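Subject: Structure handover

Hi,

I'm passing on the structure we talked about, with some notes on how its pieces pack together. Please have a look at it before you read on.

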Amino acid sequence: MPPEIDNRTPASPHERFMRLALRQARAAADLEEVPVGAVIVREGQLIAQAHNQVELLKDPTAHAEILAITQAAAALQDWRLAGTILYVTKEPCPMCAGAIVLARIPRVVWGVADPARGGAVSLFPIFQNPRLNHRVEFEGGVLEEECRGLLQDFFRKHRADRAAGSAGASRGGAGADPADGRPAPT
Ligand SMILES: [Zn+2]
């Protein structure tokens, strides 16, 4: 069984880096991208920061985490991102969770869980899968309300745009509308 997500509100140093990830997510929103941001830190130093660019690059794989992993690997000159922590505003999707495993990232911290599509622990529990050769420690719920609010505002706006007949493109390549996949109350 995967461990439960730790949703306690932490008074943690994680918040500092999650704020940088949130800044990236806001930059994505300003560019009409699904607002997800990620940063990678090693020994307290920022080595990568990125936001979702699926629309700009017209690339379904241009998620924040993937772009940040590529940056970090270039910075370290190593595909093994040993000793790093990846901060991301939303629980990674299955593609990104797979890339995180391949990069051997030891720890991931996210803001809001994605019960409908999450690939770390929610829909596909990749991070602690005993059949894979790398396990990823994780913590959720860091600045959760801000991370969720950004996504909800974005999808609310785009639903309103669609309803008004403008902005025909559907969004969601980089992720989930958290509003349509909320966990059942427990
Ligand atoms: Zn992803």
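Below is what turned up in the sheet and the helices.

Please keep in mind that this is a predicted model.

Let me begin with the sheet. Five strands make up an open sheet with mixed pairing, in the order β2-β1-β3-β4-β5. At its edges are β2 (45-51) and β5 (137-139), each of which pairs on one side only. On average, neighbouring strands are turned by 20° against each other, direction ignored. Strand β4 (residues 107-112) and β5 run parallel and are joined by three bridges; here Val 109 stands opposite Glu 139 in β5.

Two helices that pack on this sheet come next. Helix α1 (residues 14-30) touches β1 (37-42), β2, β3 (84-90), β4 and β5, and its direction makes about 145° with that of β1. Helix α3 also packs on the sheet, where it touches β1, β2 and β3; the direction of α3 makes about 145° with that of β2.

Finally, there is a helix pair to look at. The axes of α3 (residues 64-76) and α4 (residues 94-102) come within 9 Å and cross at roughly 20°. Angles under 35 degrees count as roughly parallel, so α3 and α4 are roughly parallel to each other. The crossing of α3 past α4 is left-handed. Glu 65, Ile 66 and Ile 69 on the α3 side meet Cys 96, Ala 99 and Ile 100 of α4. By class, that contact has five nonpolar residues, one charged and no polar ones.

Best wishes

Technical notes:
Residues are numbered from 1 along each chain as its sequence is written. This is a predicted model: local features need pLDDT of at least 70, side-chain atom pairs count only at pLDDT 80 or more; totals for chains, interfaces and linings use all residues. Axes are lines fitted to C-alpha atoms, for helices over the stretch in contact, and angles run from 0 to 180 degrees between N-to-C directions. Helices (H or I, at least four residues) and strands (E, at least two) are DSSP runs, numbered from the N terminus. Angles under 35 degrees count as roughly parallel, over 145 as roughly antiparallel, 65 to 115 as roughly perpendicular and the rest as oblique. A crossing is left-handed if the near helix is turned anticlockwise from the far one by less than a right angle, and right-handed if clockwise. Two residues are in contact if their C-beta atoms, placed from the backbone, lie within 7 Å. Ala, Val, Leu, Ile, Met, Phe, Trp, Tyr, Cys and Pro count as nonpolar, Asp, Glu, Lys and Arg as charged, and the others, Gly among them, as polar. Two strands pair if DSSP finds at least two bridges between them.
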